[in-house]
Amino acid sequence: MAEISWGIMLAAYLFVGGMAGGAYMVASLADLFGKGKYKVLSKSGTYISLISILVGLVLLVLDLGRFDVDPLGVLNAYINLPTSIMSVGTWIVTGFMIVSLITSVLWFFQGSGLVRKILEIAGLVLGCSTAAYTGLLLAFARGRPFWASPYLPVTFIVSGTLTGLVLALLLIPIIAWFMPRFFEDFKELFENREKFTEILIEGQRYILTLIVVELILVIIELGTGHGGSLLAIGSLSVPFFAYIVLGLLIPLGIAYYTQRAEYVVKYSVLVPTSLGSFVLVLIGGFLLRYVILFGGQLIA
Amino acid sequence: MAKAVLVDLRRCIGCRACQVACKRWNDREATETVLNSDPTLEWTNPPDLSPQTYTYVKFVKTGSGESLKWSFAKIQCNHCISPHCVNACPTTALKKTENGPVIYRKELCIGCGYCINACPFGVPKFDEENSVIEKCTFCSERLKEGLEPACVQACPTDTLVLMELDEAQRKATEAEARGLHTYGLHEVGGTSWIYISEVPFSELGFPRHSSAGPANQQLDILTKFVGTGIFVGGAILAITKLYSQRREEVAQSGGGD
């Protein structure tokens, strides 16, 4: 009999957890290999990773069935290494949160670049592990055959990187609009049309690749898993199609358009179209977790 | 020594004495139930495990007309030898004891619900009212005192027999050799409740599981995940690199699209 023990809060946690890991991966790779070209994007991605993981932890803790009885009981999750993937994940997420916090502080107060880059190497591994953990947590659950796929954690890493990248890009104009005083470099980049266009088009190139890879992974998942059962459940088929169309296909079309039109696209078209597609990617990222999480619990 | 219960379904008459004994010993409340909506299980009542129902007898109708046959199967926690719930629990609230039972310690539980999703048999249930996990305890307190579990003691047909684990495994192996069906001898690495039946367990609605325990199952997924991850990561980097190079070449040659 279908029983939902993990609900929408956990779907949101899986989404923001994956996005946190992905945003940090994007930020650190851009800083480590970008030759100073992507500093604002790196900052943006680092801040996103910290906010996302903190939001995720709040969602997770509030969703615990015994939080009201024993609020500090959550600390017990540190004790069962290494048998429980959840215990391993708790340590990974904790380490990631600390690294993300220190990196954010170093960016904000313009601290040592060397220390930041060393932290970024550790954070790259921890961020990837955090995104992978959100998938492995499900894949290891023997009672839910729908989740038992090695492609699931890979899909979550790819989706986490994609959503982390789009939110890091989306944050640049948001900060430039609402908090220009504290983040002058964000404002500077956003107001420099040529540079911002370049960053958006380069970003869209990675977005294009990530969406194609995610689509391939989803097709493999559906082909080898329980795709038919998933589509047969009315409450899941609608969000699933919304995820495919809104979260992947439309942003894919827009990303492709930005690449084709690199030398002719108008700034006034590129910016709103791209930012709109980023919002769709984020909605898609959440829907992916929702469909997978509920699908596993509803499909016997 | 580890204890086990051999469940010989050929002997079960569906009297539900085990259900009643379990309720009484564990002080579980009666709950209002209705006939099962599944026509092949219509007399199964209650229809599933719940925080108030640690065990129930499944009434399974197989065949039709003259070949119609009723089979009965007691369902409860199987107390796996390498339990997935214990493996999944981040706080050791669930623990496999040396003498067989998988026990639950609520003072360590954080209510994450992972055991519910990890159990291959859908056994642990969350009691929302009291914020605890509920499931069959194998009457661990009775076992400690040298007593049989309440359901075993109540069974009038010796369908349920408490014995040493190795003895139960030997008897099940002998039954397999005689062409009977078994469940729990191999599944998920073996369980402490082992079934023997004339009817295939797939017809009784028991979930199919390989013999892999949690460690093997997770190692298998992990290995394939790492392989796929490296391939996908490499492919993403290679595609974007090649694409960037192509764009630069096009830009340098002065062309657009």
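**View 1. The crossing of helix α7 of chain A with helix α7 of chain B.** In this predicted model, α7(A) passes α7(B) in a right-handed crossing, a crossing being right-handed if the near helix is turned clockwise from the far one by less than a right angle, and left-handed if anticlockwise. The helix of chain A spans residues 193–224 and that of chain B residues 214–252, and their axes come within 10 Å and cross at roughly 140°; axes are lines fitted to C-alpha atoms, for helices over the stretch in contact, and angles run from 0 to 180 degrees between N-to-C directions. Helices (H or I, at least four residues) and strands (E, at least two) are DSSP runs, numbered from the N terminus. On the side of α7(A), the contact is made by A:Arg205, A:Tyr206, A:Thr209, A:Leu210 and A:Val213, and on the side of α7(B) by B:Val232, B:Ala235, B:Ile236, B:Ile239, B:Thr240 and B:Tyr243, where two residues are in contact if their C-beta atoms, placed from the backbone, lie within 7 Å. By class, this contact has eight nonpolar, two polar and one charged residues; Ala, Val, Leu, Ile, Met, Phe, Trp, Tyr, Cys and Pro count as nonpolar, Asp, Glu, Lys and Arg as charged, and the others, Gly among them, as polar. Residues are numbered from 1 along each chain as its sequence is written, while chains are lettered from A and ligands numbered from 1 in the order in which they are written. Because the model is predicted, local features need pLDDT of at least 70 and side-chain atom pairs count only at pLDDT 80 or more, whereas totals for chains, interfaces and linings use all residues.

**View 2. Helix α5 of chain A against helix α7 of chain B.** The axes of α5(A) and α7(B) come within 8 Å and cross at roughly 35°, and this crossing, too, is right-handed. From α5(A), A:Tyr151, A:Pro153, A:Val154, A:Ile157 and A:Val158 meet B:Phe225, B:Thr228, B:Gly229 and B:Val232 of α7(B). These residues divide into seven nonpolar, two polar and no charged.

**View 3. The side of chain A that touches chain B.** In total, 42 residues of chain A are in contact with 39 residues of chain B. The elements of chain A that give two or more residues to this side are α3 (85–108), α5 (151–178) and α7. By class, the side has 24 nonpolar, eleven polar and seven charged residues. For the complex, the predictor gives an ipTM of 0.91 and a pTM of 0.93.

View 4. B:Asn117 lies in helix α3 of chain B, residues 114–118, and counts as buried, with 26 C-beta neighbours inside 10 Å; a residue is buried if 20 or more other C-beta atoms lie within 10 Å of its own, exposed if 12 or fewer, and partly exposed in between. Not counting residues up to four places away in sequence, B:Asn117 touches A:Ser5, A:Trp6, A:Ala141, A:Gly143 and A:Arg144.

**View 5. Helix α1 of chain B.** In this helix, residues 17–25, B:Cys18, B:Gln19 and B:Cys22 are buried. Seen down the axis of α1(B), these buried residues fall within an arc of 105°, so they line one face of the helix, the arc being that of the directions from the helix axis to the C-beta atoms. They pack against β2 (56–62), β3 (69–75), α5 (150–154) and β8 (160–164) of chain B.
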